[in-house]
Amino acid sequence: MGTLRPLIDKLQVERTLTHDEFVRMFTERNPEDSEYMRALAQETAVANYGHDIYLRGLIEFTNYCRNDCLYCGIRRSNDKAERYRLTTEEILECCDIGYGFGLRTFVLQGGEDMTYKDDDFCELIRQIKKQHPDCAVTLSVGERSRETYEKYYEAGADRYLLRHETSSPEHYAMLHPAELTIENRKRCLRDLKDIGFQIGAGFMVGSPYQTYDYLAEDFEYLRELDPHMIGIGPFIHHKDTPFRDMPDGSYEETLYCLAILRLMFPRVLLPATTALGTINPLGREEGIRHGANVIMPSLSPKDVRQKYLLYDGKICTGEEAAECHACLEGRIARIGYRAVSSRGDHADWVRK
Ligand code: SAH
């Protein structure tokens, strides 16, 4: 037994730790305690969600972006990125295809592409909801004004993913250009929650210059924000960004963070992300064994997949939606879980 058992037991009961205790969770990380925590995290997920895994159909609908985040492959100044945007018809077709597989959540993710005007984007949301009234629409399109978020919600969007990336202003400034601030990021998350969205925050594990102090701050911020969803994955370098020579985040540390999050938030919607599946071929399965309960198969058309590259080596870029879906269903079944066809809302959420 390592030194962390008492902290892990405390985390399970109190759902949080002090800053120094969070730091110790990393500086004293060891195999025995990691396995102890993993088993507790998996039990916690099973106690809340059984062996059900929720699927979200991910539609990467544009890689145009006004921002220049230093880690991201579709940053504005990457002139090697081949840009694309899907038409309304193409997006609706992705939804139809996904609906046929049993998907009941569509996630529209993209760069901050300002050519989609609020009214047009709201019309798209309305059309998806009209064609598929039993489905949830999740948006992941970055920082907007409160007024714009209100319009999206009124148009029928249910959830919003906006990773905070890092909660420390100092670290945030090392990952982003000066015009982007953690204050605005947090303002967005507060507004989104206040408006009534199910919100998702999160961060990259092992992003450049991340320290255990910064990670501890991320857990503390998440405790305070109390989001419905938390997306984390390892940082993976992209060859055409300023972080091309930075080391990738650690696979084990990412799994370890998932287990911590499951103990902190027993009912949170926690995806085993594509980035986790990219740094290890069994990453998503291991994510589930560490407490994750969501997987996001891509519904993006095959011809644009290799263009939505946030990092190098991204998996599933040569596949059709049907192949991706079948592959993930198989992976989930092989570890004794089942992919369920339901919206998979957070238990505490009702539309206001
Ligand atoms: N423009 C949207 C969507 C961003 S892409 C937004 O700002 O929310 C979704 C997530 O991918 C980001 O929040 C970031 O955490 C992650 N990501 C970006 N570049 C990455 C990289 N190089 N390695 C791992 N994850 C990355």
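This is a predicted model: local features need pLDDT of at least 70, side-chain atom pairs count only at pLDDT 80 or more; totals for chains, interfaces and linings use all residues.
Local features were taken at pLDDT of at least 70 and side-chain atom pairs at pLDDT 80 or more, whereas totals for chains, interfaces and linings use all residues. Residues are numbered from 1 along each chain as its sequence is written, and side-chain values use heavy atoms, without hydrogens and water.

Helices and strands are DSSP runs, numbered from the N terminus (helices: H or I, at least four residues; strands: E, at least two). Strand β7 spans residues 229-234, and six of its six residues are buried, so β7 is largely enclosed by the rest of the structure. Here buried means under 20% relative accessible area, exposed over 50%, and partly exposed in between (1.4 Å probe, protein chains only). In a regular strand, side chains alternate between the two faces of the sheet. Both faces of β7 are covered. Met229, Gly231 and Gly233 are buried on one side. Ile230, Ile232 and Pro234 are buried on the other.

β7 pairs with strand β6 (residues 198-205) in the parallel sense, over six bridges. Two strands count as paired if DSSP finds at least two bridges between them. Phenylalanine 203 has isoleucine 232 of β7 as its bridge partner. Between β6 and β7 the chain passes through helix α9 (residues 212-225), and this β-α-β crossover is right-handed. Right-handed means that, with the strands pointing away from the viewer, the path from the first strand over the helix to the second runs clockwise.

Strand β1 (residues 52-55) runs parallel to β8 and is joined to β8 by two bridges. Tyrosine 54 stands opposite valine 294 in β8.

Helix α10 (residues 251-264) has 14 residues. Its span from first to last C-alpha is 20 Å, close to the 20 Å expected; the expected span is 1.5 Å times one less than the number of residues. Of the 14 residues of α10, 13 are buried. At the helix start, a side-chain oxygen of serine 250 comes within 3.3 Å of the backbone nitrogen of glutamate 252.

A polar backbone atom of isoleucine 236 lies 2.7 Å from a ligand nitrogen. For glycine 110, a backbone N or O atom is 3.0 Å from a nitrogen of the ligand. A polar side-chain atom of arginine 185 is 3.4 Å from a ligand oxygen. The protein buries 91% of the 560 Å² that the ligand exposes when taken alone (Shrake-Rupley method, 1.4 Å probe).

Tyrosine 209, in the loop between β6 and α9, has a positive phi of about 70° although it is not a glycine. Tyrosine 209 is partly exposed, at 46% relative accessibility. Cysteine 316 also has a positive phi, near 65°, and is found in the loop between α13 (302-305) and α14 (321-334). At 18% relative accessibility, cysteine 316 is buried. Lysine 80, in the loop between β2 (57-62) and α4 (88-101), is exposed at 64%. Its C-alpha lies 7.4 Å from that of aspartate 240, 160 residues apart in sequence.

How values were computed:
A polar contact is a pair of N or O atoms within 3.5 Å; within protein, one must be able to donate a hydrogen and the other to accept it, and residues adjacent in sequence count only if both atoms are side-chain atoms.
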